[in-house]
Every structure is written in C-alpha cells, then in structure tokens.
Amino acid sequence: MHDNNISAPLDILLVSVETIKNQLNESVGFYCVQRDISVDKTPLLEKQLLIAQLEVLNKLASAMTVCRRPKEPQYAIPSEVRTLFQLSDFKHEWTIEELGELVFKEDVSDVAKKIARSVKYGSPVDIEFRMCGGDNRVRWVRCHSIRTEHDRAGELPHCWSIQDVTLYHDKMTTLNSHLELRSQQLAQVNHSLAEFANALSHDLKRPVRHVCSFADLIKEAVQTGDISAALGYVERVRDAANTMASLLDRMLSFSQVGHHELEYVDINQHELIVELMNESCAAHSRLNINWRIKGVLPPVFADRVLWRTLWLNLIDNAIKYSHVRDAIEIDFSAEQLGSMYAYRISDNGIGFNSAGAKRMFEVFQRLTSDTRFEGSGIGLAQARRIVEAHGGSISATSKNGCGATFSVLLPVLGTTSG
C-alpha cells in the first residue's frame, strides 16, 4: 500500500487469472500471476516469471491414476486416460507391455531403463516422455509411481499417476529457444565489445599520438621563430584530427549495424549491381574500370539500405586494391549451393595472403600495410555484420598478386521474388 505522498512511485501490476481444465473440460483449479510492469524488466526476470507460470501449470495439470490389483498383471485404465489417448472404450485393462507400445519409439529405451531400475530397487520413479495414442497425436506425459502397501522390490508398482504435460513442455521448449537466441545475441555483443576494445587500444590511439607529437614540434618551431615549419605541423595536426573524426564516424556506423529491426523487401540484385557500378565508375572517372555480370544474379529478400551498403563496401574494396592495374577488372556472379545462394565479386587487384582471410573481417584489420591503399579497416567488418544480420556468411579467397574473390552466402528460403 502507498501513503498519500504524491512523490512516491506508482506500482503498476498486470494480473492474469486463468482456469485450468481437465480433458473433460471440467474446472480443476486456476492460477493467478501478477506482474510489475511499472519498469522495463530484464530478460532474467522475464525468465523467472515464465518458469513460475510453467511450475503452476505443471502442478495443476490433471492427474489420472492407473492401478492394478495385487498379483494381477493388467492395469485398470480409467475413462479419462482412454479419452486422452483416444483408446478403445471397450478395452479397460492393459498390460505394461501393451502400454509400452504407446510410448514414442525414441523414448522407449530410456523409459524402460528407468522403470527397470525402479523395479529392481523398489524406489519411486518420476519421468517425462512422449506417448502416441489412437489418434497418432504425440503427447508429453509425466508418469510417477505412487507407493502402496502392495509394492515389493522386484515387482512393478501397483499404482501410477499420469499427467498430460504437453502444454508445459511446449512452453519450456519455447523458453529454451528464446534463451538460446538471447545467448547468441549476447555472444555477438561481447564479440563487438572486444573488437571496440582492440580498436580503442590500438588504431584510435595512433592519430592521438600524432597530434601530441606534432604539438611538441609546433612548440619547438614557435620557440625558434620558424613560423613556416610551425604552420606545416599545424596542417599535420589537422590531418590527424580529421583521421580521428573519420574513424569515429565509421565506428558509429559500424556499431549500428544489426541493432535495428530489418525492413525486408525484394531486391533485384542485377539492377542493384548495375546502379552501384554506374555510380562507382562515375566517381572514379579517371580509372579504367571494366565490369561484367556473368550469368543470372538471383533476387534477394533483404534490408535495402544495409544490402546497398554491403555491396558498396565490396565494390569500393575491389576498386581500391585494383587501381594500380592498367585496367580494373571486376566480375559478378552467383550460384545456388544447396539451401544457399552464393553471390561473388572478383577483381584483378593485388590480392592478399590467404592466412589472413578470416582476420580481415574484423574491425580495423586491413588487407595490406601498403600506403598506396588507404582505408580505415572497417568496411569489410561492416560487410560481415550486415551479412550475418541477414542469416548469411561472407568469405574471401585469393593469392598474393592474383586478385581476390569475395563470396556472400545467403539462405534461399525467404526470397519471395520470382
């Protein structure tokens, strides 16, 4: 309860009440869950809430009892059990072997071992497994023995309790899937943080060191009256500062990839490549660029903005490392590999050492230290993140001095264009 102090925070509760019914649609109980929605809950609290709901469902699941008389091999099957598993209403007694035939075949071995262990030592058994009834529908059931005065070690229990926990198990499966997805997302975030930590400790320090070094040189030049040298060092400071600003901008762009909901649309891959290559050739009008599309480029179902950024990065990369040639040769192609489409871009540039093929897709990792080829080392890392955000992968092959080929693999499923 809150007092009349208007500054006290207001708790907002979401209350959910649901009736639990058995197979005959009879009310056997209910559960009530209240949830504080006044603040944004963490995934852990969401998990705890769902597990609490599942525990209630499990406890309130309608329990049905199957028993046999002392020294009798057959169990009396009540009507609710026959109704649940769509069994013949004319057969009221079943042996343990006949009941075992209803167990899902992949669970038979495990169920048999646990029951055999229980029989051998006279201990209770509590197991969950799948059963398939007369309607061929697979259900999850919880089966646990109920101790009676007639039970003896080495003999089957005389009484069993059976509960239909299909709903409970389905919700647990959904929960585990959500948790697995969250774990994958967390692993991706941790990897990104590691990349940025590496960048901050290495590449971003370089222009800062340059600024400090040239600041000292400016101070010395001013003290000696060499204004011309001081002005030259000032320009170097400005260059270093601009480099720093460019790196920060590209890092911001890189960090945002994959953290927004994708807007999927059908994209004509052929038209996109033609558009981007026309733009690139116009931007590099002084270079002799020859490009070709070999065969058919299947359409893709992707986020248009990100997909355009991906291919701009790959095209810019091909032009950058091929501009030392008399003529730049760029080829585009595609093929289907099982359930994946492989889109490829090949160039006749300087290539790279295959040992660094994976490392080049990490942030601030460049293909070469050759100063003729400028770059921030973010383009390919951004390309990798875009492809992974679409459920695909990217790789590269090359030999030093013999050009490079970049392959983008994307699942075929999800493409809706003809």
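Contact here means heavy atoms within 4.5 Å. The model is predicted. By that criterion, and leaving aside neighbours within four places in sequence, L314 is in contact with I345, L380, A383, I394, F406 and V408.

L314 belongs to the largest nonpolar core, which has 38 residues. Together with W307 and W311, L314 is among the residues with the most contacts inside this core. Several elements supply at least two core residues each. The helices are α8 (269-283), α9 (304-320) and α10 (379-389). The strands are β11 (300-303), β12 (328-337), β13 (340-347), β14 (393-398) and β15 (404-411). The most comes from α9, which gives eight residues.

Five strands form an open sheet with mixed pairing. Their order is β10-β12-β13-β15-β14. At the edges stand β10 (289-293) and β14, each of which pairs on one side only. From one strand to the next, the twist averages 15 degrees. Within the sheet, β13 and β15 pair in the antiparallel sense, over eight bridges. D347 has its bridge partner, A404, in β15.

Two helices pack on the sheet. The helix α8 touches β10, β12 and β13. Its direction makes about 180 degrees with that of β10. The helix α9 also packs on the sheet, touching β10, β12, β13, β14 and β15. The direction of α9 makes about 165 degrees with that of β15.

Definitions and conventions:
Residues numbered from 1 in each chain as written. Predicted model: local features only at pLDDT ≥ 70, side-chain atom pairs only at ≥ 80, totals over all residues. Heavy atoms only, no water. Core = buried A, V, L, I, M, F, W, Y, C linked by side-chain atoms within 4.5 Å. Buried < 20%, exposed > 50% of the residue type's maximum accessible area, 1.4 Å probe, protein only. Helix = DSSP H or I, 4+ residues; strand = E, 2+ residues; numbered from the N terminus. Pairing = 2+ DSSP bridges. Axes fitted to C-alpha atoms, helices over the stretch in contact; angles between N-to-C directions.
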